Amino acid sequence: MNRLLLSIAAAALSMTASAQYILVNDELPIPASEVEKITYEQDDQFDASLLPGSIASDAKISLFSQALKLTGLADTLRTYIYDNYQRDIDKYYYKSHVWNEIAWYNENRFKAFTVFAETDSALAANGISNLDQLKAYAKQVYDESYPEDASVSDYTDRRNSLNRFVAYHILPHGSSYWYLTAYDGKQSNFWINTRLADMSAWYATLMPYGSLKCSYPMIGTDSGIYLNRRGVGHRPDKYGKQIRGAKVLADGELGFDHQCFNGYYFHIDSLLVYDKKTREDVLSTELWRVDFKTLCPDIMNNAEELRGNYMVDDDMSSFNDNPNPVNGRNYIYKWDCMENIQSNTTRNNQGLIHRRAHINFWSWQGDEVNIFGDYDFTIKLPPLPPAEWEIRMGICAFPTRGAARIYLNGVPMIDSLNMSHDYYGVDVPFGNHPLKTEILDYMAKHVFMVEYDSIERSYLVTDLKTNEKIWMVKDPYDKRKTSSWSNTYTYNGVLAQERIDKNSFSGRNPDTDDYADWSQRAYEYREQALIEVVSDHPKCMHGPRECTLGQGGWNSFADQVGLVRFPLGRIYTDGKHDNYLRIENLPLPYVVTNTEAQFDYFEFVPKFVYDNQEIPEE
């Protein structure tokens, strides 16, 4: 008889924090306080507390349960822990910008799942009343999409049509109802402007190369979680698309959640399939905005504590050593203990930190990922349906955040992406431009050459484009490392040509002694220099207009210069292969003690959106 002592984390089991349990025969968890009551007899009740047993006992989803058993996916859903996981230390101290915090390693590494199951009545409404009819329906749907696998008759084979049908209903992490999206049932206007977009999340499923969309639209009494829905609130989106999708149902007094030892299952009211309509009308013609945590099941299994009480801040000046912080906790993950994320473990860092949500953080949904030190890691992207896609990354720019090299599917895309610069588009007023020092340096090298003449007590300025010269009393590049020169060209933060007067670029022609005014010329050269300098940097976009800061109201990301998006590159996928994003730290040209990287969210943008000639993306 095998016995194994484990300390099981509260969040993973929704039980008393840090309670001690004993596993008998590696299955039955029993409180250690009751160890004297243990009898070493096999207990058949534990299987009933796992997902397959719980689903089998639910008379409302009996047909789905039969399919789950036939495909062998019931065996997959009986797993609940990773073997050979061991943590060396329990916590890690760090400072992000001005915040002194602690991140905690998971005590154990658990497996969990989320299952969406059509009720028998929902299947019957679509002419499916027995397993043979379900097999026929699955074959009709998936043989069309995967004709090369139409002959696979082994129901346990992932290529089999019935297996694909069932696997598409399963997420590889455990999530209760209010954690399927960022909407928690309380604050409707945090994180997204619901007049512009629904609160949505995209997840990989157990079906190979099949992604699923979860949405919470604000539509009055019909509000709730929908799967593979398209639209904004009550109306079609700006592309004219509106698809209801399958709705998650409440089960009487039980509510939405059917909680099991290793995850959750939900009832849904209509068919959930990865068919051509879903791929083309829902998934491959809409922008996906994907929060970092949704890319990794290990992080999503901690979603409850990572959200925590986001309305309350901790004391940023000191480290809180409480192993059960009341407002939620930050987590740190070992690089070899995360699904979908791998790293070069020779790099000098302690792991990937996911910081819990805060109402005042400048990040989408209030949470973010940090890495301190040197890093080189690769993310398996969510399955993308057939299309050409642009991959973008959203961050909050801080001076403490360094630079990285970007690869897509092993191909170098960006040699150096500096994550400390605010938004640097050409529409930023010059006086506030984060690249203004580089712009001035560019002008000094490529536009105007300035030489001081001690006899004339004046500056001889040469236009390097026309080779003309003028004498000027004031050096136009004086104190160019500060804002004094640039402020000549800015009035109340707005570009103003009339501010360029005889006190800046005007003087006398050395050949004729006539008065010469180069103010307009200098203005135009500066605009050209700005475009040249910006073009030498990775393309930078302002934050998305529909995303909002958590302080409430409609405080859009688009209006905050520190919240930026970088297009990382474009890929084409046939929907039947994995795609990977690699991010490699670049050493800074100076020594710092707390090199920091921050990652917030990614965008996966189909060509239908970014190259739509009739309906611009923004």
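**Packing around Phe116**

Setting aside neighbours within four places in sequence, Phe116 is in contact with Phe64, His169, Leu171, Leu180, Leu212, Cys214, Leu227, Val248, Phe266, Ile268 and Leu272, where contact means heavy atoms within 4.5 Å. Do keep in mind that this is a predicted model, in which local features need pLDDT of at least 70, side-chain atom pairs count only at pLDDT 80 or more, and totals for chains, interfaces and linings use all residues. Residues are numbered from 1 along each chain as its sequence is written, and side-chain values use heavy atoms, with hydrogens and water left out.

Phe116 belongs to the largest nonpolar core, which has 139 residues; Phe116, Phe292, Phe377, Ile583 and Phe599 have the most contacts inside it. A nonpolar core here is a set of buried Ala, Val, Leu, Ile, Met, Phe, Trp, Tyr and Cys residues joined through side-chain atoms within 4.5 Å, and buried means under 20% relative accessible area, exposed over 50%, partly exposed in between (1.4 Å probe, protein chains only). Another core, of nine residues, lies apart from the largest one and includes Tyr94, Ala103, Ile332 and Phe372. In soluble globular proteins, nonpolar side chains tend to be buried together.

Now to the sheet. Five strands form an open sheet in the order E16-E19-E32-E21-E22, with antiparallel pairing. At its edges are E16 (341-343) and E22 (411-418), each with a single partner strand, so one side of each is left without a neighbour in the sheet. From one strand to the next, the twist averages 20°, taken between axes that are lines fitted to C-alpha atoms (for helices over the stretch in contact), with angles from 0 to 180 degrees between N-to-C directions. Within the sheet, E19 (residues 376-380) and E32 (residues 580-586) pair in the antiparallel sense over five bridges, and Asp376 stands opposite Glu584 in E32. Helices (H or I, at least four residues) and strands (E, at least two) are DSSP runs numbered from the N terminus, and two strands pair if DSSP finds at least two bridges between them.

Strand E17 (residues 352-355) is buried on both sides: Leu352 and His354 point one way, Ile353 and Arg355 the other, and all are buried. E17 pairs antiparallel with E15 (residues 330-333) over three bridges, with Tyr333 opposite Leu352. Three bridges also join E17 to E18 (residues 368-372), again antiparallel, and there Asn370 is the bridge partner of Ile353.

Two helices complete the picture. In H9 (residues 276-283), the buried residues are Thr278, Arg279, Val282 and Leu283. Seen down the axis of H9, they fall within an arc of 110°, so they line one face of the helix; the arc is that of the directions from the helix axis to the C-beta atoms. Their cover includes helix H7 (131-145) and strands E8 (199-204), E9 (211-216), E14 (288-291) and E20 (387-396). In H14 (residues 519-535), Ser519, Ala522, Tyr523, Tyr525, Arg526, Ala529, Leu530, Val533 and Val534 are buried. They cover an arc of only 165° around the axis, which puts them on the same side of H14.
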